[in-house]
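Visitor: Hey, can you walk me through this one? I'm new to reading structures.
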Amino acid sequence: MSVPRWYVAAGPAYLAVLLAVDTQVGRGVQVGLGVVTWVVLIAAIWRLETIVRAQVIGVILFATVAEVTGSLIWGVYRYRLHNLPLFIPPAHGLVYLSGLALAAVVRTRWLVGVAAVGLVGWGLAGITVLPRLDVAGAMCAPLLGIFLWKSRFRATYAGVFVVVAALELYGTSIGVWRWATELPGLGIPQGNPPSGVASGYVWFDVMALLVAPWLVVWTRMLRARLAPATA
């Protein structure tokens, strides 16, 4: 899968500016930020391989379902304006592309090693030295550990982990979103952000990688059926 290496810097840089601007605006301008981010995402994937575009679409679909469930319904975390900003779904796609690019730039052994150390260190810190007890994060961390050890896509997962971890720490520090002190209804303490959030993000990638080939097949079948009608 070929993703331009400059996406490593361009994706996170755009998202960092986007989140900083979001802290200063109301709902109206926030909608505008969403429109711009969708345009940026479309431009970013326009010339990529079909399978990569399908993966990005898959990530967006699964991530959006998780966002609606986790934020709007369950209240595990809340965005600044207590909504789901329009820029969040396409931002997930940009995060995935940045992780893919990082996996192409850094040797797999080194990247997976950094992700593993960060995963274990953050998880342990959350139940020992961090200001907020993060039991939820420590419970989720082993999930990513398994994928980093076993999966043939471990470089992708490691790259996405690094990008997500950085953006989570940045986004919560400037107040774009905030995690509840404990999982609603369960009473399990979690950090702000919890270490497991980057691990949980792996599920979006796993599902996207699984459904992407099917999305490609379905798209081709649909085009084949529509072609005679438009000929």
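This is a predicted model: local features need pLDDT of at least 70, side-chain atom pairs count only at pLDDT 80 or more; totals for chains, interfaces and linings use all residues.

Visitor: Okay, at what angle do helix 3 and helix 4 pack?
Guide: About 130°, and their axes are 8 Å apart. Helix 3 covers residues 50–73, while helix 4 covers residues 88–105.

Visitor: So why is helix 3 called oblique to helix 4?
Guide: Because angles over 145 count as roughly antiparallel and 65 to 115 as roughly perpendicular, and the rest like this one is oblique. As for handedness, helix 3 passes helix 4 in a right-handed crossing.

Visitor: Which residues make that contact?
Guide: On helix 3, they include V52, V56 and I60. Helix 4 brings in residues including H92, Y96 and L100. By class, that contact has eleven nonpolar residues, four polar and one charged.

Visitor: And what about helix 2 with helix 4, which way does that crossing go?
Guide: That one is left-handed. Helix 2, residues 27–45, packs on helix 4 at about 35°, with the axes 8 Å apart. Among the residues that meet are W38 and L41 from helix 2 and L94 and L97 from helix 4.

Visitor: How many charged residues are in there?
Guide: None; the contact has ten nonpolar and two polar residues.

Visitor: Switching topic: what's the volume of the largest pocket?
Guide: About 860 Å³. It is lined by 36 residues, and Y77, E168, W179, V197 and F204 are the closest to its centre.

Visitor: What classes make up the lining?
Guide: There are 27 nonpolar, seven polar and two charged residues in the lining of the largest pocket.

Key. Residues are numbered from 1 along each chain as its sequence is written. Side-chain values use heavy atoms; hydrogens and water are left out. On a 1 Å grid over the protein atoms alone, a cavity is a set of points where a 1.4 Å probe fits but cannot get out, and a pocket is an open set with protein on both sides within 12 Å along at least five of seven lines; lining residues have an atom within 4 Å of a point. Grid points are joined across faces, edges and corners, and a volume is the space filled by probe spheres set on the points. Ala, Val, Leu, Ile, Met, Phe, Trp, Tyr, Cys and Pro count as nonpolar, Asp, Glu, Lys and Arg as charged, and the others, Gly among them, as polar. Axes are lines fitted to C-alpha atoms, for helices over the stretch in contact, and angles run from 0 to 180 degrees between N-to-C directions. Helices (H or I, at least four residues) and strands (E, at least two) are DSSP runs, numbered from the N terminus. Angles under 35 degrees count as roughly parallel, over 145 as roughly antiparallel, 65 to 115 as roughly perpendicular and the rest as oblique. A crossing is left-handed if the near helix is turned anticlockwise from the far one by less than a right angle, and right-handed if clockwise. Contact means heavy atoms within 4.5 Å.
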